[in-house]
Every structure is written in C-alpha cells, then in structure tokens.
Amino acid sequence: QVQLVESGGGLVQAGGSLRLSCAASGRTSSTVAMGWFRQAPGKERELVARVIGFGGNTYSADSVKGRFTISRDNAKNSVYLQMNSLKPEDTAVYYCAAGNWRGGQYEYYYWGQGTQVTVSS
C-alpha cells in the first residue's frame, strides 16, 4: 500500500503561482509513475503531468505546458507541481496518484484525497 497526501492548494489570482506537494509513504518503491490529475466541476478527471522513475522522464498536458512543472524528490518520497501563470480554467481539485506501467499504459492504483486550487479572474 502507498499513502499519498497533497498540500499547497488555495486561492490565487490569475497570473499567480502555487506549488503543490505530494508526500508518499508506505511501499513507495512498488510504484514508478507519479502523476498529478485534476477534476473541475462537471468535467472528467484529466492527467496534468506525470513523472517516471527518478524524474528524467516527464509529461505535461498541452493545456499546462510551459506553465506547470512536475518534479520528484525520491529521497523525500515527494512529488511537486509548480504552477505558474495560473488561469481561471486551472480551477479544479488536484490529485496526486501513483502507479505502474501495465497493459500498454500507466495505471494509477493509489490516490491522494485531493487539494482545491481556485484561480480568480
């Protein structure tokens, strides 16, 4: 089992920045993929960014590319999402997730409780 706890959400004005943190505990060595997802009201959950292994392999959704940066500190069992130039459309609950490659894609088995990010215009 892996436990994930997010922090760092809040209310920020458009153009501002926030840094989300995700602290992992338990059998963290059992997962190689760490991702940040978000879900806005009335919308499906979407992958925002993903980091694999020790952090050299990252992916960011087109909607956040150039504004959000995912990073991983394996020594601290933590993953971060630096969010700059925030827009009102970034408003959502952000979730940290952990998983592995299976069946031709990354599957996420463990999820945090989520942290609210609200961007005002």
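The model is predicted, so local features are described where pLDDT is at least 70 and side-chain atom pairs where it is 80 or more, while totals for chains, interfaces and linings use all residues. Residues are numbered from 1 along each chain as its sequence is written, and side-chain values rest on heavy atoms, with hydrogens and water left out.

Strands here are DSSP runs of E of at least two residues, and helices are H or I runs of at least four, both numbered from the N terminus. Two strands are said to pair if DSSP finds at least two bridges between them. An antiparallel pairing over three bridges links β9 with β11, where T115 of β11 stands opposite Y94. Strand β10 (residues 105-111) is also antiparallel to β9, joined to it by six bridges, and Y108 of β10 stands opposite G99. The hairpin of β9 and β10 has two residues between the strands, and G103 in this hairpin takes a positive phi near 60°.

The packing of nonpolar side chains comes next. A nonpolar core is taken as a set of buried Ala, Val, Leu, Ile, Met, Phe, Trp, Tyr and Cys residues joined through side-chain atoms within 4.5 Å. Buried means under 20% relative accessible area, exposed means over 50%, and partly exposed lies in between, with a 1.4 Å probe and protein chains only. The largest nonpolar core has 28 residues, and the members that touch the most others are L4, W36, L81, M83 and Y94. Two or more residues each come from β1 (2-7), β3 (18-26), β4 (33-39), β5 (46-52), β7 (68-73), β8, β9 and β11 (115-120). Another core, of five residues, lies apart from it and includes A33, F37, A97 and Y108. Contact means heavy atoms within 4.5 Å. Beyond its neighbours within four places in sequence, L81 is in contact with residues including L18, L20, W36, V48, I70 and Y94. As general background, nonpolar side chains tend to be buried together in soluble globular proteins.

D90 sits in the loop between β8 (78-83) and β9 (92-102), and it counts as buried because its relative accessibility is 1%. Leaving aside neighbours within four places in sequence, D90 is in contact with R38, R67, F68, S85, V117 and V119. S85 is found in the loop between β8 and β9 and is partly exposed, with a relative accessible area of 40%. Although S85 is not a glycine, its phi is positive, at about 50°. N77, in the loop between β7 and β8, has a positive phi near 50° and is likewise a residue other than glycine. The relative accessible area of N77 is 33%, so this residue is partly exposed. For context, most residues other than glycine have a negative phi. V32, in the loop between β3 and β4, is partly exposed at 36%. Its contacts beyond four places in sequence are V51, I52, G53, R72, G99 and N100. V32 and Y106 are 74 residues apart in sequence, yet their C-alpha atoms are 9.4 Å apart in space.

Finally, the aromatic rings. Rings of Phe, Tyr and Trp (its six-membered ring) pair if their centres lie within 6.5 Å; planes under 30 degrees apart count as stacked, over 60 as edge-to-face and the rest as tilted. The count by this rule is five aromatic pairs. In one of them, the ring centres of F37 and W111 are 4.8 Å apart and the planes are at 55°, so the pair is tilted. Because F37 lies in strand β4 and W111 in strand β10, the pair ties together parts that are 74 residues apart in sequence. F37 counts as buried at 9% relative accessibility, whereas W111 is partly exposed at 30%. The rings of Y109 and Y110 have centres 6.3 Å apart and planes at 90°, so this pair is edge-to-face. One aromatic cluster is formed by F37, Y108 and W111. A charge sits over a ring if NZ of Lys or CZ of Arg is within 6 Å of the ring centre and within 35 degrees of the ring normal. R45 lies over the face of F37 at 5.8 Å from the ring centre, and R19 lies over the face of Y80 at 4.0 Å.
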